[in-house]
Amino acid sequence: MSDSRGETDPALGGKRVSDTSPVSLVCCDVVGAAAADGQVLERAFAEAIATQGLVTGTAAYVRSMVQFDRTRGWPPAGVMRSLFPDDEIRAQVANLAFERSFHAAVDRFGVLPLPGANEALAKLTAAGVKICLVSSLSRPALSLIMERLDWWQRADLVLCADDVARGFPWPDLVLTAVLRLGIADVRDVAVVTATEGGALAARRAGSPLVVGMLSDLDDAGRLRRAGVTHLLADIGELPDLVATRGGITTMGLTTASD
């Protein structure tokens, strides 16, 4: 007996018709859909660790920035704990400094939606797809970005690191969205992200469609290694990809195996 996904009982001689079902939820990493470029996050991080004596020109600073690069997409608090594993107080102080610096960096550099992002989200909503905007940032940091982007009305649900036990690269954000929005199957979920941490979270949650947004922060190779199924240079292509579940390659779209 076959189900709606095309799985069949070989004993009945059935043939597989399709391996896909319509996407009913898109979990979109806010940082992946907004041009809060590397300057904002990197500058805030650098200023935060400077409060702990890790300043430019030192070997400790270089090691810390390498760790920051390896953990893109993680909650800032988690990154700080990875830097100061034996000193929780120091990690907390550094995280508080990050929160202040992040707000100041957004004020200085601004944040804008990627070209085509507003239109892509609107098309998905019009097609009946639910939208969950997710981020491993704290609630105050994510709220700041949401306000600047005027995105509160563009999502059915907004989740941040404070809403779950673990942020990226763990699957909690994606699975919480599935539960809260009443999605029947995680195989009906697409995840859009620009970071390795986000891609790992999507794969761990069981999402079959993991879309990596190409940027200067994560090259194609890094996103492929993290498990993305597709790469997009233009977020405006997202509605077409979601509509076809990757069955048809459209202009500007590459599969992760290309």
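Guide: Let's start with the helix α5, where A91, A94, N95, A97, F98, E99, S101, F102, A105 and V106 are buried. Buried here means under 20% relative accessible area, with exposed over 50% and partly exposed in between (1.4 Å probe, protein chains only). Helices (H or I, at least four residues) and strands (E, at least two) are DSSP runs, numbered from the N terminus.

Keep in mind that this is a predicted model, where local features need pLDDT of at least 70, side-chain atom pairs count only at pLDDT 80 or more, and totals for chains, interfaces and linings use all residues. Residues are numbered from 1 along each chain as its sequence is written, and side-chain values use heavy atoms, with hydrogens and water left out.

Back to α5: its 22 residues reach 31 Å from the first C-alpha to the last, close to the 32 Å expected at 1.5 Å a residue. That expected span is 1.5 Å times one less than the number of residues. After α5 comes G110, with a positive phi near 75°.

The largest share, four residues, comes from α4. In total 20 residues line the second largest pocket, and P75, A77, G78, R81 and A161 lie nearest its centre. A pocket, on a 1 Å grid over the protein atoms alone, is an open set of points where a 1.4 Å probe fits, with protein on both sides within 12 Å along at least five of seven lines; lining residues have an atom within 4 Å of a point. By class, the lining has eleven nonpolar, five polar and four charged residues; Ala, Val, Leu, Ile, Met, Phe, Trp, Tyr, Cys and Pro count as nonpolar, Asp, Glu, Lys and Arg as charged, and the others, Gly among them, as polar.

Now for the strands. In β2 (residues 130-134), four of the five residues are buried. Strand β1 (residues 25-29) pairs with β2 in the parallel sense over five bridges, where pairing takes at least two DSSP bridges between two strands.
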